[in-house]
Amino acid sequence: MTKFKNYLKPDALKQLISTNQGTSELQFKRLLKFATKGSIESQYQVGLCYFKGDGVDKDVTQAIEWLEKAASQGHADAQWSLVSCYQYEDTRSLDLDKILECSQKAADMGHSAAQYQMGIRYYLGDGLSSDPATAMEYFHKSANLGYALAQLRLGYCYQYGDAVAQDLTKAAEWFKLAAKKGNADAQYSLGFCYRYGEGVSEDFALSNVWYQKAATQGHANAQFILDISSTSKTSQSSVISQAMLDESLSAAELGDPNAQYILGLCYFKGELVPKNLTQAATYFHEAARQDHGKAQYELGKCYFYGYGKIQDFTQAATLYQAAANQGLACQLAISIRLLLSSGTARRSKFRHRSKLVSKSCNFRISCSANSPRFLLLSR
């Protein structure tokens with residue numbers, strides 16, 4: 001006997017289950033009729049309707065029943081939707097074993113989001129024994145299917161050498177794939193790579209292009225970086241000259257923190273002087289000792305990335321907090337995200353420090369709800 005799914009026209013079904021305007025009661029009845037006759041896709045859609053209360057009264061028990069019918073016939077989306085039924089329904093007791101079972105089955109069916117979720121579980125040891133190697137396998141499977149969050153996570157892993165050998169070139173490649181799919185966090189990270197030549201050739205203009213894409217989507221950190229870049233560019237074009245550099249050198253020797261900060265930027269960027277990260281860090285240090293907020297922030301970056309300094313996350317966190325005390329809340333938001341995304345920063349003391357600093361500055365860390373940098377390391 002020919003199964004109903006084989007002669008139901010896909011275009012007609014898509015029109016019937018269009019989510020743009022919701023599902024009417026009549027549409028639901030037609031879907032239910034098709035589902036009863038054996039249409040796997042209709043069974044899946046009926047399950048979603050029951051779960052969402054779309055075109056019919058919400059009934060999670062019925063939702064699970066129809067989704068399981070579709071899932072048992074190989075429908076990966078239905079299998080993955082069962083996770084939501086077991087995980088997020090307030091009226092049902094949380095069944096962790098069932099959630100894990102459904103996630104595993106969906107991942108085995110090739111569902112990219114499920115594979116990413118399994119990667120997270122192995123990465124965190126959430127319901128499973130922690131296994132970074134297996135986590136990376138799942139991240140790669142998901143990323144190779146085009147799942148942007150998995151591509152972003154791989155970018156972070158390769159960027160910081162987290163669960164894999166550090167490879168800045170691969171990091172930039174994964175960021176680029178996710179960025180092209182419109183992921184704002186990936187666009188921001190790719191902008192960072194081009195800004196500092198990490199895994200790609202340094203390209204300030206291209207860096208701004210990706211920062212702008214992220215900023216257009218409301219990415220607060222990208223907006224901040226563009227604002228700082230614009231201010232810095234205007235300042236340099238109208239103020240910083242060879243004469244100004246000479247004056248800054250003289251003033252820095254007398255202990256002027258603003259002059260020391262300016263010299264630190266010049267040596268850091270290689271503007272008017274040969275690029276020298278060690279010298280830049282030295283000037284930032286001298287200015288930071290005098291409570292110069294921006295110098296504290298820049299010196300924090302030096303410690304975080306090891307620019308002209310021995311990499312030291314504790315020093316970075318201390319300096320970021322000092323910068324926050326100067327009112328640089330947005331800088332701190334960026335910095336805390338970096339600390340959260342580093343392997344070392346997963347330690348509880350860094351999470352605790354982040355919470356304390358956020359509370360003291362009365363602001364919330366600017367992280368997308370779907371950002372792995374925040375989700376994976378702050379739960």
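Lys 29 counts as exposed, with a relative accessibility of 52%, where exposed means over 50% relative accessible area, buried under 20%, and partly exposed in between, for a 1.4 Å probe and protein chains only. The structure is a predicted model, in which local features need pLDDT of at least 70 and side-chain atom pairs count only at pLDDT 80 or more, whereas totals for chains, interfaces and linings use all residues. Residues are numbered from 1 along each chain as its sequence is written, and side-chain values use heavy atoms, with hydrogens and water left out.

Lys 29 forms a salt bridge with Glu 25, the closest N and O atoms being 3.7 Å apart; a salt bridge is here a side-chain nitrogen of Lys or Arg within 4 Å of a carboxyl oxygen of Asp or Glu. Glu 25 is likewise exposed, at a relative accessible area of 53%. Because the two residues are four apart in helix α2 (residues 25–36), about one helical turn separates Glu 25 from Lys 29, helices being DSSP runs of H or I with at least four residues, numbered, like strands (E, at least two), from the N terminus.

Helix α4 (residues 60–71) holds both Glu 65 and Lys 69, which are also four residues apart, about one turn of the helix, and which form a salt bridge whose closest N and O atoms are 4.0 Å apart. Glu 65 is partly exposed at 35% relative accessibility, and Lys 69 is partly exposed at 33%.

Between Glu 202 and Lys 275, the side chains meet in a salt bridge of 3.9 Å, N to O. This pair links distant parts of the chain, 73 residues apart, with Glu 202 in the loop between α11 and α12 (204–216) and Lys 275 in the loop between α15 (257–269) and α16 (277–288). Glu 202 counts as exposed, at 54% relative accessibility. A network of salt bridges links Lys 98, Glu 101 and Lys 105, and a search of the whole structure finds eight salt bridges.

The packing of two helices was also examined. The axes of α9 (residues 148–160) and α11 (residues 184–196) come within 10 Å and cross at roughly 30°, the axes being lines fitted to C-alpha atoms over the stretch in contact, with angles from 0 to 180 degrees between N-to-C directions. Helices α9 and α11 are therefore roughly parallel to each other, a term for angles under 35 degrees, while those over 145 are roughly antiparallel, 65 to 115 roughly perpendicular and the rest oblique. The contact, meaning heavy atoms within 4.5 Å, is made by Leu 152, Tyr 156 and Gln 159 of α9 and by Asp 185, Ala 186, Ser 189 and Phe 192 of α11.
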